[in-house]
Amino acid sequence: MRATIDKCTIELQQGDITEQHVDAIVNAANSRLAGGGGVDGAIHRRGGPEIMAETRRKYPHGCPTGSAVISGAGNLPAKYVIHAVGPVWQGGGAGEAELLAGAFRRSLELAVEHDCRSVAFPAISAGAYGYPLDQAAAVALRTVIDFLRANGRPEIVRFVLFDARAYGAFAAALEQVTSENPIDRP
Ligand code: AR6
């Protein structure tokens, strides 16, 4: 599924983010940038030790929740890995939506600053961090659409969803967001 915002495209795809041939892939990291399971585990496993060596050197204090930092991509096909830190779900009253939006916004800013034309995101916070998938999808898509409208870049933003349930949640949220706020949906 895809949607067009001005000259940019949002794509939804089911698959593995480590296999994406895009300029930057986004990691669902933790604030210590210490590695872990899920997307983070897959990225460091396939990308090799270079990635963590670089983040340790450049970001010894980690990255605050709601923000992101950038590194090279080691052995992965992408050029960069953007390490975004989403919030742990605590019921919705602890500023989770704003923190999740911040992680997406800062990732997109870093992508633009590094001239990335294509960026792939996972469903940040919707795995180990427990953010309800439908709500995570709505925040992610609204934030990306607002950013693309304001900045006209990056050209391609792809959401790579690991399973059919996550794909379905993002597809439903994209339908919903685009019907509230009509955009071109070929
Ligand atoms: N490609 C795309 N999506 C994936 C992949 C993959 N290879 N693997 C898992 N997913 P999570 P979080 C999906 O847990 O919730 C780590 O330990 C997964 O099904 O990776 O932000 C970090 O170190 C889910 O829908 O990220 C942190 O401590 C989504 O990606 C913590 O987990 C996000 O799940 C971050 O938790």
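**Starting from a strand**

Val160 is in strand S7. Before I go on, please keep in mind that this is a predicted model. Is Val160 buried or exposed? Val160 counts as buried, because its relative accessibility is 4%. Which residues does Val160 touch, if we leave out those up to four places away in sequence? The contacts are Gln13, Gly15, Asp16, Ile17, Gln20, Ala120, Phe121 and Pro122. For a sense of distance, take His114, which is 46 residues from Val160 in sequence. From C-alpha to C-alpha, Val160 and His114 are 21 Å apart in space.

**The chain as a whole**

Now a step back. The chain has 5 helices and 7 strands. Read from the N terminus, the order of elements is β-β-β-α-α-β-β-α-β-α-β-α. Along the principal axes, the C-alpha trace spans about 45 × 35 × 30 Å.

Of the 186 residues, 53% are buried. The chain exposes about 8,500 Å², and carbon and sulfur atoms supply 48% of that area. As for contacts, consider those between residues at least 6 apart in sequence: 70% of them join residues at least 24 apart. On charge, there are 18 positive and 20 negative charges, and their mean positions are 4 Å apart.

Helix H1 covers residues 38–47, and its buried residues are Asp40, Gly41, Ala42, Ile43, His44 and Gly47. What do the buried residues of H1 pack against? They pack against strand S3 (24–29), helix H2 (50–58) and strand S5 (80–85). After H1 comes Gly48, with a positive phi near 90 degrees.

Towards the other end of my list is helix H5, residues 164–180, which holds Thr178. Thr178 has a relative accessible area of 4%, so this residue is buried. Between Thr178 and Glu96 there are 82 residues of separation in sequence, and 23 Å in space from C-alpha to C-alpha.

The loop between helix H3 (96–113) and strand S6 (118–121) contains Asp115. Asp115 is not a glycine, yet its phi is positive, at about 55 degrees. Asp115 counts as exposed because its relative accessibility is 61%.

Arg117 lies in the loop between H3 and S6 as well. With a relative accessibility of 52%, Arg117 also counts as exposed. What is Arg117 in contact with, leaving aside neighbours within four places in sequence? The residues are Asp23, Pro154, Glu155 and Ile156. Asn75 is 42 residues from Arg117 in sequence, and the two C-alpha atoms are 20 Å apart.

**Backbone details**

One of those contacts of Arg117 was Pro154, and that residue has a detail of its own. The peptide bond from Arg153 to Pro154 is cis, with omega near -10 degrees. Pro154 sits in the loop between helix H4 (133–151) and strand S7 (156–161).

Ser125 is in the loop between S6 and H4. Its phi is near 75 degrees, a positive value in a residue other than glycine. Is Ser125 buried or exposed? Ser125 counts as buried, because its relative accessibility is 5%. Asp115, which also has a positive phi without being a glycine, counts as exposed.

**Cysteines**

How many disulfides are there? The count is 0. Cys63 is in no disulfide, and the nearest cysteine sulfur, that of Cys116, is 16 Å away. For a disulfide, the two sulfur atoms would have to be within 2.5 Å. Cys63 has a relative accessible area of 2%, so it is buried. Cys116 is buried too, with a relative accessible area of 5%.

That is the end of my list.

Definitions and conventions:
Residues are numbered from 1 along each chain as its sequence is written. This is a predicted model: local features need pLDDT of at least 70, side-chain atom pairs count only at pLDDT 80 or more; totals for chains, interfaces and linings use all residues. Side-chain values use heavy atoms; hydrogens and water are left out. Helices (H or I, at least four residues) and strands (E, at least two) are DSSP runs, numbered from the N terminus. Buried means under 20% relative accessible area, exposed over 50%, partly exposed in between (1.4 Å probe, protein chains only). Contact means heavy atoms within 4.5 Å. Accessible areas come from the Shrake-Rupley method with a 1.4 Å probe; for residues, only the protein chains shown count as cover. Lys and Arg count as positive and Asp and Glu as negative; His and the chain ends are not counted. The place of a charge is taken as NZ of Lys, CZ of Arg, CG of Asp or CD of Glu.
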